[in-house]
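Okay, everyone, I'll keep this short. Let me put the model up and then walk you through it.

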Amino acid sequence: MLAKIRQMKEDEGFTLVELLVVIAILGILAGIVVFSVAGITNNGQAAACVTEKSTLITAEEAYFAQNKTYVADSVLKSSGFLGSVPSWYTVTGGASYTVTRNAAGATASCAP
């Protein structure tokens, strides 16, 4: 009997209640982090939309400075003024140019 009591005193570890409290605290912290990260993603997408629009305007003006005409975004890509075809905006050329949001830009949180 004394040997059993001594063995129980030598066993070290956490109780079930202590483990449940730690798991509950970790769950609460995880919930807070998830909601915080969601806001960061929305801000990043809005910034990417604004950057894409200003990049298109800059590319169009640079093309006009060299060629004295405005063109569509596909021509800007093929002539090396854009690295890729824009995903949220479309550019149309002619005597002047127009930057408009396409379907993907309308669903995203893009600035007007």
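Quick definition to start: helices (H or I, at least four residues) and strands (E, at least two) are DSSP runs, numbered from the N terminus. This is a predicted model, so local features need pLDDT of at least 70, side-chain atom pairs count only at pLDDT 80 or more, and totals for chains, interfaces and linings use all residues. Residues are numbered from 1 along each chain as its sequence is written, and side-chain values use heavy atoms, with hydrogens and water left out.

So, the overall layout. The protein chain has four helices and two strands, and from the N terminus they go α-α-α-β-β-α. Of its 112 residues, 16% are buried, where buried means under 20% relative accessible area, exposed over 50%, and partly exposed in between, with a 1.4 Å probe and protein chains only.

Now to Glu60, which sits in helix H2, residues 16-67.

What is Glu60 in contact with, leaving aside neighbours within four places in sequence? Tyr70, Val71, Leu76, Val91 and Tyr97, with contact meaning heavy atoms within 4.5 Å.

And Lys68 itself? That one is in the loop between H2 and helix H3 (73-78), and it is exposed, at 60% relative accessible area. Lys68 also has a positive phi of about 55 degrees, although it is not a glycine. Most residues other than glycine have a negative phi.
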